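Work through the exercises below with the sequence and the 3D view open. Try each task before you read its solution.

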Amino acid sequence: MNEKKIIESGKAILGIEFGSTRIKAVLIDPENRPISQGSFEWENKLVDGLWTYSLDAIWNGLRECYADLRKNVKQTYDAEIETLAAIGISAMMHGYMAFNKKEEILVPFRTWRNTNTAKAANELSKLFNFNIPLRWSISHLYQCILDKEEHVQDIDFLTTLAGYIHWQLTGVKALGVGDASGMFPIDSATKDYDAAMIEEFNQHIAHNHFHWNILDILPKVLSAGENAGVLTEKGALLIDPSGHLKSEIPVCPPEGDAGTGMVATNAIKQRTGNVSAGTSSFSMIVLEKKLSKPYEMIDMVTTPDGSPVAMVHCNNCTSDLNSWVNLFKEYQQLIGIKVDMNEVFGKLYNHALEGDKDCGGLIAYNYISGEPVTGLAEGRPLFVRSANDKFNLANFMRANLYASVGVLKIGNDILFNEEKIRVDRITAHGGLFKTKGVGQRILAAALNSPISVMETAGEGGAWGIALLAGYLINKAVNQSLADYLDEKVFIGNIGTEITPTAEEVEGFNTYIENYKVGLPIEQAAVKFKK
């Protein structure tokens, strides 16, 4: 069956992911191949000192992204999407979306990017003897309690961005276990919220006499492949106001961008891992056993089927790098040269590989926002050099590329060097890897590990959530998610692998030592540059 017939007969599967700067839709065929896509650029706003997206921006973004997909389907296949085999929604994890009984949002959506929750995260980490990061939903909730925010007493439902959209599309208050593990700790044995920690939290806040306990207001936890409801008529119109898209389409459990990244890179089995690198970055290593102790810079989350995962999350990755590249774009425009951004990125990134392996002493801190892994509550993008450092374009670009994964290296050094975690395969995806071979080689040097990139790397999480929607409707009886991905999706494809040289690893190690020694410079910038 050709693509036109697949679309017109309703056999295509749709995945939509809300990233930090782009909402992306991917339409796949029954063989899990992308056949069309759509996208919409959006940006968070700093309102009253907190990073947010408005509800209007969320729904406008969904409509515009789907409209772009519809337009591309019409142009490419002369077809209209009337129905689909399944739908999946994913989004940036964590954050805080609290609603009252009337389904009204109580305070503006507080995204993962906010770092105002340090006191709450610290107290909860001690209470649970488990690392609770600043961006987790439970940190946001407890910080609101500590700050005596009035709205807390009125909370009826607390969820993530993916959970909110899924709820509005289906009427179901549920969340995939991977996304749920960024709200509150998960017990991988039960694939549900950790019962002992739930009880500890309820006792800890009991003196406030809220009308709710924590389990009352959290979404129901679902594993990949479980029933999570169907698209309602209201939900269909939220996606497609033209009225073409029909209701009653199965919708898979909503997931976070970490989980969809694991799926898109076939990193669900133990001893596999993946790195996602875009506006923010994170690495996910699926563990054979629990870590020996909690680490502040390592989060324990789960795969979309509930296996334990050690996650190193960095708030900053490519944003500062993109700003520098845009300077070169402006220069080209200034002198009247036509700008092709793919060419600009390609030339600059490849030129970076000609630089010194240690960047000639140059250091970059890409901190648009705070970076908990290195102890910074706020950030100031910073480029630092001494007069006698080797300052040239190749070293400058290489230093900024190193900075994009520098914090990721600091966190993973604990896993590999202290916990002696072993991995058989790390696969990378995201915007950093669009220029072939460059970001991949930089990351390989940072982690001292072979890194694979698949042809679908650019599809990212939207493809990952489409695969989870496909798993919902196409899995065999008792077929695990890992087996489904191996047997039905990847079928032996492990992508293109790059192994770092000893010189590259040594060069990055030298860079990161200089970087760590220089962190007080970044701290001073935060203190004195307002």
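The exercises cover a serine in a strand, salt bridges, a pocket, a loop and a helix.

This is a predicted model: local features need pLDDT of at least 70, side-chain atom pairs count only at pLDDT 80 or more, and totals for chains, interfaces and linings use all residues. Residues are numbered from 1 along each chain as its sequence is written, and side-chain values use heavy atoms, with hydrogens and water left out.

**Exercise 1.** Find S283 and decide: is S283 buried or exposed?

Step 1. Locate S283 in strand β15, residues 281-286. Strands (E, at least two residues) and helices (H or I, at least four) are DSSP runs, numbered from the N terminus.

Step 2. Apply the cut-offs: buried is under 20% relative accessible area, exposed is over 50%, and partly exposed is in between (1.4 Å probe, protein chains only). S283 has 1% relative accessibility, so S283 counts as buried.

Step 3. List the contacts, meaning heavy atoms within 4.5 Å. Leaving aside neighbours within four places in sequence, S283 touches N274, V275, A310, M311, V312, L408 and N412.

Step 4. Look at N412 again. Its side chain makes a polar contact with the side chain of S283, at 2.8 Å. A polar contact is a pair of N or O atoms within 3.5 Å; within protein, one must be able to donate a hydrogen and the other to accept it, and residues adjacent in sequence count only if both atoms are side-chain atoms.

**Exercise 2.** How many salt bridges does a search of the whole structure find? Examine some of them.

Step 1. Use the rule: a side-chain nitrogen of Lys or Arg lies within 4 Å of a carboxyl oxygen of Asp or Glu. The search finds 19 salt bridges.

Step 2. Take K4 and E8, whose side chains meet at 3.1 Å, N to O. Both lie in helix α1 (residues 3-8), 4 residues apart, about one turn of the helix. K4 is partly exposed at 29%, and E8 is partly exposed at 45%.

Step 3. Turn to K74 and D78. Their closest N and O atoms are 3.7 Å apart. K74 has 44% relative accessibility, so K74 counts as partly exposed.

Step 4. Check E378 and R380, which form a salt bridge at 3.2 Å, N to O. E378 is partly exposed at 41%, whereas R380 is buried at 15%.

**Exercise 3.** Describe the lining of the largest pocket: which residues are the closest to its centre?

Step 1. Start from the idea. Rolling a probe the size of a water molecule over the atoms shows where empty space is left.

Step 2. Of the 46 lining residues, T21, R22, G278, T279 and G431 are the closest to the centre.

Step 3. Name the elements that each supply at least two lining residues; among them are β2 (22-28), α10 (257-264) and α15 (460-474).

**Exercise 4.** Where is the place of S369?

Step 1. S369 sits in the loop between β18 (363-365) and β19 (382-384).

Step 2. At 5% relative accessibility, S369 counts as buried.

Step 3. Beyond four places in sequence, S369 is in contact with R113, N315, N316, E378 and G379.

**Exercise 5.** How many residues of helix α14 are buried?

Step 1. In α14 (residues 438-447), 9 of the 10 residues are buried. They include V438, I442 and L447.

Step 2. N448 follows α14, and its phi is positive, near 50°.

Terms used: 1 Å grid on protein atoms, 1.4 Å probe; cavity = no way out; pocket = protein on both sides within 12 Å on 5 of 7 lines; lining within 4 Å.
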